[in-house]
Amino acid sequence: MELPRHTRHTVVAPGVLARQLDRIRAAGLAVCAEEHRLGEVTVAAPLRGPAGPVAALGVTVPTGVTLDRVAAAVRAAATRVRPPEPPPSP
């Protein structure tokens, strides 16, 4: 399956993508720098439930914004969001 390329920065090589996903899992933070749209960077962190990640919280900012501050804010916000509890079993 061929991945769509949105910009010249879009990662489409399966091996490169797999290595990026490994780093994202280890760091608990994803950064997408101009891969979808030029001039934008998206930073995302997982929302964890009792069984592990259930969703992600992300923000998109213009390139040039200090990513350390954005990453810290996204991580902090993700730890405060509580995913909904699953409904009780019948």
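I looked up Val 43 first: its bridge partner in strand 3 is Val 59. The model is a predicted one, where local features need pLDDT of at least 70, side-chain atom pairs count only at pLDDT 80 or more, and totals for chains, interfaces and linings use all residues. Residues are numbered from 1 along each chain as its sequence is written, and side-chain values use heavy atoms, with hydrogens and water left out.

**Strand pairing**

I went through the pairs next; two strands pair if DSSP finds at least two bridges between them. Strand 2 and strand 3 (residues 52–62) are antiparallel and share 10 bridges. In this pair Val 41 stands opposite Val 61 of strand 3. The hairpin from strand 2 to strand 3 has 2 residues as its link.

Strand 1 and strand 2 (residues 40–49) also run antiparallel, joined by 4 bridges. I noted Ala 44 as the strand 2 partner of Ala 30, and Val 43 as the strand 2 partner of Val 31.

**Glu 34**

Which residue in the hairpin of strand 1 and strand 2 takes a positive phi? I found Glu 34, with a phi near 60°, in a hairpin that has 6 residues between the strands. Glu 34 is not a glycine. Most residues other than glycine have a negative phi. Glu 34 sits in the loop between strand 1 and strand 2. I listed its contacts (heavy atoms within 4.5 Å): leaving out residues up to four places away in sequence, Glu 34 touches Thr 7, His 9, Gly 39, Glu 40 and Thr 63. From Glu 34 to Val 65, 31 residues apart along the chain, the C-alpha separation is 13 Å.

Leu 29, in the loop between helix 1 (14–27) and strand 1 (30–33), counts as buried because its relative accessibility is 14%. Beyond its neighbours within four places in sequence, Leu 29 is in contact with Ile 24, Val 43, Ala 44, Ala 45, Ala 71 and Arg 75. Its C-alpha atom is 15 Å from that of Arg 80, 51 residues apart along the chain.

Gly 64, in the loop between strand 3 and helix 2, counts as exposed because its relative accessibility is 78%.

**Core**

Not counting residues up to four places away in sequence, Val 74 touches Val 43, Ala 44, Ala 45, Leu 57 and Val 59.

**Pocket**I ended with the largest pocket; a pocket is an open set of points on a 1 Å grid over the protein atoms alone, where a 1.4 Å probe fits, with protein on both sides within 12 Å along at least five of seven lines, and lining residues have an atom within 4 Å of a point. The largest pocket is lined by 14 residues, with Gln 20, Ile 24, Ala 30, Val 31 and Glu 35 nearest its centre. Helix 1 gives the most to this lining, 5 residues.

Key:
Buried means under 20% relative accessible area, exposed over 50%, partly exposed in between (1.4 Å probe, protein chains only).
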